[in-house]
Amino acid sequence: MWPMRRNIISLDLSSVKSNIAIFASGSGSNALKIIEHFENRSDVSVALIVTNRDNAGVLNHATRHQIPSLIITKNLLSDEAFILGKLNLFGIDFIVLAGFLLLIPEFLVKRFARKMLNIHPALLPKYGGPGMYGSNVHRAVKQAQETESGITIHFVNTKYDEGGIVYQHTVSLSQDDTPEEIARRVLALEHLHYARVIDQLLTGRVHSAELQSDN
Ligand code: GRF
């Protein structure tokens, strides 16, 4: 389901092998789904996990699946030569943010224009921006008595949650839903759709629908 469609674009990467780097700060449940999705593929590979927390759960997934990982500080993330050097070393041509909490620096946004995706656990542009992460999002949705929430997959620009929207999927809410229940249902949607949308973008099998201008 591609519910919101305006300018149809395609990344047209179908003839080259894609090496993905996943950036994650937390448990990495989305990262794991993506790793599993591409595990036996010759055309797309999860080649690197990047995290800013040395105790992030995503590191366990990397170890178990024998994927190299890189632990960075906020300062290292802003070090253009260091970051681009590492990404080049692993042949990275696509970046997936999956619960990565640091703001992406401008040089990286430019280098990976339309080649860096994020997933947000709400229907952007509502409930996005600084401070809108984790349970904050679902509490705000509950407080506003929204009748629906959902997921947004979008390209990354230099502002939190503002890049062009690629895909959204909604879930209906009832008055009885607690923030925890909303979180559970939204995360299930993320697990169902994120890897598939990445795959469709990378392989060019399905065109993406971008709602806004570049990034
Ligand atoms: C997800 O809810 C995602 O939408 C947000 O961060 C969370 C990451 O969860 N950007 P996990 O670490 O993948 O379980």
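How do the residues lining the second largest pocket divide into nonpolar, polar and charged? I opened the predicted model with that in mind. I get three nonpolar, four polar and three charged.

**Second largest pocket**

I listed the lining. Val141, Lys142, Gln145, Glu146 and Thr147 are among the residues there, and so are Leu173, Ser174, Gln175, Asp177 and Ile182. I noted a volume of about 180 Å³.

**Largest pocket**

I turned to the largest pocket next. Its space comes to about 840 Å³. I find 37 residues in the lining, with Gly99, Phe100, Leu101, Tyr133 and Gly134 nearest the centre. Two or more lining residues come from each of α1, β6, α6 (135-143) and α7 (179-203). The top contributor is α7, with four residues. By class, I have 17 nonpolar, 16 polar and four charged.

**Ligand**

Where does the ligand sit? I find that it takes up the space of the largest pocket. Around the ligand I see Ser27, Gly28, Ser29, Asn30, Gly99, Ile119, His120, Pro121 and Glu190. I sorted this shell into two nonpolar, six polar and one charged. Both α1 (29-38) and β6 (116-120) supply at least two of its residues.

I then checked distances from ligand oxygen atoms. One is 2.9 Å from a side-chain N or O atom of serine 27. For glutamate 190, a side-chain N or O atom lies 2.9 Å from a ligand oxygen. Last, I looked up the cover: the protein hides 79% of the 360 Å² of accessible area that the ligand has on its own.

How values were computed:
Residues numbered from 1 in each chain as written. Predicted model: local features only at pLDDT ≥ 70, side-chain atom pairs only at ≥ 80, totals over all residues. Heavy atoms only, no water. Near = heavy atom within 4 Å. Polar contact = N/O pair within 3.5 Å; in protein donor to acceptor, adjacent residues only side chain to side chain. Areas by Shrake-Rupley, 256 points an atom, 1.4 Å probe, with all protein chains shown as cover. 1 Å grid on protein atoms, 1.4 Å probe; cavity = no way out; pocket = protein on both sides within 12 Å on 5 of 7 lines; lining within 4 Å. Sits in = over half its atoms within 2 Å of the grid points. Nonpolar A, V, L, I, M, F, W, Y, C, P; charged D, E, K, R; others polar. Points joined across faces, edges and corners; volume = space filled by probe spheres on them.
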